[in-house]
Amino acid sequence: MSILPENLQRYQKFMAFMLKYWNSDLFTKTASTALNEDDQDEKLSEAYDQSPEELVEDLKNMGPTYIKLGQLLSTRPDLLPDSYLEALASLQDDVPPIEYSTVQEIVEEEIGIRISKAFTSFDEEPLASASIGQVHKATLRSGKTVAVKIQRPGIRKKFLDDLDTLKEIADFAVKHTDVAKKYAFDNVLAELRHILLQELDYKREAQNLITLGENLKEFRNLTVPQPILDYSSSKVLTMDYIQGKKITSISPMKKLENDLGPLVDELVEAYLKQIITDGFVHADPHPGNIHITSNNQIALIDLGMVAKFTRNIQEKLLQLLIALSQEDGEAAADVLLNMSELTDQSDVKTFRRSINKLIMDSQVKMAKEMETGRLLIQMNRIAADNGILICVEINILGKIFLNMDQIIAVLDPEFDLKEAIKKHVHKMMRSKMYKELKPENLFSVALESKKLAERLPERLNKISENLANNEFKIKVDAIDQQRFTDGFQKVANRITLGLIIAAMIVGAAMLMKVPSTFIIFGYPGLAIIFFMIAAFGGLFLSYIIIFKDEGFKFKK
């Protein structure tokens with residue numbers, strides 16, 4: 001692995017981080033330890049060399065790429081204990097803002113018009129500043145108030161340089177260490193690259209805002225800011241301005257003055273719809289990305305990271321959520337196994353037993369007690385401990401609900417989350433069934449039925465004709481009959497040859513006592529000849545068995 005001079009600083013930074021954490025208890029003990037009890041997790045985290053807060057601060061100091069890596073690791077319960085996963089899930093960067101002169105230059109270059117002509121006002125102080133970009137408040141010539149997100153100059157190159165450095169190290173580690181190979185560090189880096197490249201394209205985020213806004217238009221208490229496409233590009237995103245604050249910053253007085261239960265119920269239904277019905281999900285709903293407006297609407301912002309689920313995955317997630325709402329451990333284990341990859345080392349029996357125990361131990365209803373995200377993460381860890389490769393969609397679902405748990409507990413601690421899930425998933429099941437009965441879906445079924453009806457008489461005629469002529473055959477691909485017969489033939493031949501050799505040895509031994517004028521080496525010649533034939537036959541048989549037969553070859 002060659003190290004270029006310009007990469008030396010990045011390698012030094014990474015190696016300093018690894019020297020601190022690689023041999024610590026955090027990485028040497030947690031990967032193989034399942035933590036199912038909150039008090040156990042708290043005691044263990046106190047015993048580690050580094051606290052969750054220290055790990056978060058170290059990743060912040062490493063730079064934006066490592067902050068994103070930390071957020072990705074928050075979905076890997078097979079690597080870290082729960083307290084660290086929760087700390088990483090809320091990991092946010094704190095970076096100095098871009099100078100206004102640079103902001104002005106980027107905006108004008110990207111939208112092709114001077115700021116003074118596009119906007120009647122453009123605040124020089126940013127509303128928020130993050131590793132990828134920062135947001136400014138502005139007013140269009142039409143009088144509409146908007147938020148303008150500007151990508152940091154050179155951030156794409158910085159991300160890609162860091163990713164290339166990490167890829168070289170990950171590839172080297174996977175090639176030379178069992179730990180890196182077991183936990184697929186190269187796959188983690190590939191996923192991180194995919195996520196970052198999506199977040200760096202503001203055109204994609206603009207389309208995500210349009211899609212999510214359309215999908216959630218039926219929810220009157222939810223809003224998604226829509227982009228102003230004429231003033232947006234791959235590095236500048238102009239969208240509706242949302243007047244509000246982080247949903248976890250809501251004041252106790254507001255909670256007393258307003259019944260937020262219906263608002264929470266609508267938020268839960270909206271996310272279940274995204275997961276089960278649409279297959280297009282706001283995948284990073286941490287409190288910084290969900291705001292509450294002055295008129296008590298919930299705004300979903302920052303759609304740089306979205307998850308897309310196939311129809312098959314949507315159905316499996318629906319089954320899993322139903323099983324969880326009904327506290328059915330057996331059904332939950334069945335769904336998880338159907339969504340997972342099994343190996344020779346997979347312990348399915350222990351996995352089923354552990355999932356059952358986990359769900360039985362979590363039979364509480366209130367949001368302040370029941371943590372759905374934590375439950376999903378613990379299921380993921382149980383799978384990893386039992387050699388079961390669970391699908392990545394469960395990781396994503398766990399992260400979404402981990403953040404949702406925080407929001408629900410703040411807005412309405414007494415909210416009955418299980419009952420809400422049960423109510424909404426049943427409603428969505430009916431909706432999915434109705435969609436399946438739409439004319440466009442029935443048309444494809446009708447075409448297939450037409451093809452079957454057209455070909456059925458011909459096929460039935462062929463079957464009846466073959467039956468009448470005694471030519472009907474059924475082919476079963478069970479075993480290789482020819483190889484099976486050859487194997488038995490080989491065994492029979494070996495047994496027969498062995499018996500002949502044994503008989504020749506016995507016969508030669510008996511001939512030793514018969515007087516003869518034909519002498520070889522002082523012994524009766526015929527007996528010696530039989531002995532030699534038997535010896536050569538035995539050696540030949542041994543050679544064939546040892547060196548030629550499959551399954552009896554020496555390991556090199």
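**Briefing: fold, aromatic cluster and surface patch**

The chain holds 23 helices and 15 strands, taken as DSSP runs numbered from the N terminus (helices are H or I, at least four residues; strands are E, at least two). This is a predicted model, where local features need pLDDT of at least 70, side-chain atom pairs count only at pLDDT 80 or more, and totals for chains, interfaces and linings use all residues. Residues are numbered from 1 along each chain as its sequence is written, and side-chain values use heavy atoms, with hydrogens and water left out.

**Whole chain**

- Of the 556 residues, 44% are buried (buried is under 20% relative accessible area, exposed over 50%, partly exposed in between; 1.4 Å probe, protein chains only).
- The accessible surface is about 30,700 Å², and carbon and sulfur atoms hold 56% of that area (Shrake-Rupley method, 1.4 Å probe; for residues, only the protein chains shown count as cover).
- Among contacts with a separation of 6 or more, 69% join residues 24 or more positions apart (a contact means heavy atoms within 4.5 Å).

**Aromatic rings**

- The whole structure has three aromatic pairs (rings of Phe, Tyr and Trp, the last by its six-membered ring, with centres within 6.5 Å; planes under 30 degrees apart are stacked, over 60 edge-to-face, the rest tilted).
- One of them is F119 with F122, an edge-to-face pair at 5.4 Å centre to centre and 70° between the planes.
- F119 is buried at 3% relative accessibility, and F122 is buried at 11%.
- F119 also pairs with Y231: the centres are 5.8 Å apart and the planes meet at 45°, so this pair is tilted.
- F119 is in strand β1 (residues 119-122) and Y231 is in the loop between β5 (222-223) and β6 (236-240), so the pair ties together parts 112 residues apart in sequence.
- Y231 is partly exposed, at 22% relative accessible area.
- Y100, F119, F122 and Y231 form a cluster through ring pairs.

**Charge over a ring**

- K149 places its charged end over the ring of Y202, 5.1 Å from the ring centre (NZ of Lys or CZ of Arg within 6 Å of the centre and within 35 degrees of the ring normal).

**Nonpolar surface patch**

- L456, L460, I463, L467, F472 and I474 make a nonpolar surface patch of about 590 Å².
- Patch residues have over 30% relative accessible area and no salt bridge; like charges are joined within 9 Å, nonpolar side chains (Val, Leu, Ile, Met, Phe, Trp, Tyr) within 5 Å.
- A salt bridge is a side-chain nitrogen of Lys or Arg within 4 Å of a carboxyl oxygen of Asp or Glu.
- I474 sits in the loop between α21 (439-468) and α22 (481-511).
- I474 is exposed, at 69% relative accessible area.
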